[in-house]
Amino acid sequence: MDTSSPARSPEPRRNVSLEEMDRQSVFHPNTNLRQFAHGDLGDPVIVSHAEGIRIGDQKGNRWIDGFAALWCVNVGYGRREIADALHAQAVGMAYYHAHAGHSSEPVIRLTDRVLRMAPPGMSKIFWGLQGSDAHETQVKIAWYCSNVRGKPAKKKIIARQRAYHGLTIMSGSLSGLPHFHRAFDLPLGPVRHTMAPYFYWRDDREMSEADYARHCAAELDRLIEVEGPETVAAFIAEPVMGVGGILPPPEGYWPLVQDVLRKHDVLLIVDEVVTGFGRLGADFASQIYGIQPDMMTISKGLTSGYFPLAGSVIGERVWRVLEQGSGIYGPFAHGFTYAAHPLGAAVAMANLDIIEREGLVANAHAMGAYLNERLRATFAGHDMVGEVRGAGLLACVEFVADKRTRKRFDPALKVGPRLAAACRANGLILRPLPDGDMLGFSPPLIVTHADVDEIVERCRAAVAGEVDKLVREGAWRPPLN
Ligand SMILES: Cc1ncc(COP(=O)(O)O)c(C=O)c1O
């Protein structure tokens, strides 16, 4: 291994552009490191300002952010009220830890507020910083409960293929997308994956949604039986899968899945990191699909990204076991320096005030319906579009090489990333979802009819241009009718 690295001067670099400094110093997540370092991916995009649903960079480029950054800036950018709340808290009491019974007023008020919004039965919140660490906490709680209950073998966690629950070692193991596993020897630990409820790609096209939901639940049941119910602690799932393809559950899925879990005494961890706080047109997706979580994970829309904050919300049934555990193990030996950060709580309170005052949950419901309707009207008949699907203010257009036979594109063509790049060049940020060719939509909850019209039109024009290029390159041919 070559251990030499360029000598660094103790002074900041002069006559070096910010772009070049970034390339030389910043280790970017989810980036092809070699291509980026060599400039093959172009310059880093240095985002310098943001207002409402729009962001801009230092070079004068402007985009509509059709993905709310990473499904999180739900109240939009540039909210002075949140900045003021952050400032006031930072000046008053920026930080003290929450261990051994210490607390702060914003944390207490936020916890009470979120529990009043949450599905019935939720009892306590353990605060962390992001979805990934909140899932580490959830898994440790599930294991702890099994130990307290005298069931030390009951430790396996079942997740789903295509799931996304984060990228730390455990949350990354729970995630079910192979490219997040391959180079890191994941999944590690007692993690199993069952099938994703991906109705479009069902083997038997004759299957109804209700039949498919029964099939998914039966597969889960079978996996638990094969593993042994006495070894399975919990099942974790997003109510609507996000990164894995924006997959709303097939009709009847959630009641059937919960029947299976109850039958086998398996806890349900519901990942509401994306869906919580209004994205689906309700405070939580669990309320839409009749889900009764034992534990629920929240983050993103809780602070709209103005400060990192996540919560592991714990139901009363689990809480009673945890309390019992203190008699056996003493203090609950888990926590982080920045657990229950008062700045995050103050930001979350201001963010929830905005969501409430501006009726953003109802707006997400109405604009979500409008976005999905406009996308269906624009794309459903397109020869390259297999499916347009969505729920609330989440939507996905999935592209295929042959919609009649449901044939995927050769992944080497990178059709999804190309389409997203074309949208970006046309002033619109969307996300190409992995393992397939999909454009994901998750705009801020403040979008208006005019914003939705502009998003759909920019996307339509970009896709039309890129499809022409694919045809010219011989990569795709429209079907002959
Ligand atoms: C559904 C879901 N759960 C968990 C996470 C992980 O959150 P974080 O990236 O904050 O660790 C994400 C991130 O996108 C997510 O989409």
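## Domains

Into which domains is the chain divided? There are two entries: domain 1 covers 45-75 + 360-471, and domain 2 covers 81-357. These bounds come from an automatic or database domain assignment. The model is a predicted one, in which local features need pLDDT of at least 70 and side-chain atom pairs count only at pLDDT 80 or more, while totals for chains, interfaces and linings use all residues. Residues are numbered from 1 along each chain as its sequence is written.

Taken over C-alpha atoms, the centres of domain 1 and domain 2 are separated by 27 Å. Domain 1 gives 29 residues to the contact and domain 2 gives 25 residues. Two residues are in contact if their C-beta atoms, placed from the backbone, lie within 7 Å. On the side of domain 1 that touches domain 2, the elements giving two or more residues are α3 (68-71), α13 (360-379), β11 (385-391), β12 (394-399) and β15 (438-441). Helices (H or I, at least four residues) and strands (E, at least two) are DSSP runs, numbered from the N terminus. The residues on that side of domain 1 comprise 17 nonpolar, 8 polar and 4 charged. Here Ala, Val, Leu, Ile, Met, Phe, Trp, Tyr, Cys and Pro count as nonpolar, Asp, Glu, Lys and Arg as charged, and the others, Gly among them, as polar.

## The open sheet

Seven strands form an open sheet, "7 strands" in the order β4-β10-β9-β8-β7-β5-β6, and the pairing is mixed. Two strands pair if DSSP finds at least two bridges between them. At the edges are β4 and β6 (191-194), each of which pairs on one side only. From one strand to the next, the twist averages 20°. Axes are lines fitted to C-alpha atoms, for helices over the stretch in contact, and angles run from 0 to 180 degrees between N-to-C directions.

Strand β4 (residues 122-128) is largely enclosed by the rest of the structure, because 5 of its 7 residues are buried. A residue is buried if 20 or more other C-beta atoms lie within 10 Å of its own, exposed if 12 or fewer, and partly exposed in between, with C-beta atoms placed from the backbone. The pairing of β4 with strand β10 (residues 310-315) is antiparallel and has 6 bridges. In this pair, Gly-128 is opposite Ala-310 of β10. Strands β7 (residues 232-237) and β8 (residues 267-271) run parallel and are joined by 4 bridges, with Ala-237 opposite Val-270 of β8.

Helix α5 (residues 105-117) packs on the sheet and touches β4 and β10, and its direction makes about 135° with that of β4. Helix α8 (residues 209-227) lies across β5 (156-160), β6 and β7, and runs at about 150° to β6.

## Helix α14

Which residues of helix α14 (residues 415-425) are buried? They are Val-415, Gly-416, Arg-418, Leu-419, Ala-420, Ala-422 and Cys-423. The cover over the buried residues of α14 includes β12, β13 (428-429), β14 (431-433), β15 and α15 (449-472). Gly-427 follows α14 and has a positive phi, near 85°.

## Around the ligand

The ligand is surrounded by 14 residues, and the closest are Gln-130, Gly-131, Ser-132, Gly-166 and Val-273. A residue is near a molecule or strand if its C-beta atom, placed from the backbone, lies within 6 Å of it. The shell around the ligand divides into 5 nonpolar, 7 polar and 2 charged residues.

## Residues in loops

Tyr-200 is in the loop between β6 and α8. Tyr-200 counts as partly exposed because it has 15 C-beta neighbours inside 10 Å. Apart from neighbours within four places in sequence, Tyr-200 is in contact with Gly-386, Glu-387 and Glu-398.

Most residues other than glycine have a negative phi, and most peptide bonds are trans. The bond from Leu-186 to Pro-187 is cis, with omega near 0°, and Pro-187 lies in the loop between α7 (169-174) and β6. Asn-30 is not a glycine, yet its phi is positive, about 45°. Asn-30 sits in the loop between α1 (18-25) and α2 (33-37). Is Asn-30 buried or exposed? Asn-30 is exposed, because 8 other C-beta atoms lie within 10 Å. Ala-340, also not a glycine, has a positive phi of about 60° and is found in the loop between α11 (316-329) and α12 (342-357). Ala-340 is buried, because 26 other C-beta atoms lie within 10 Å.
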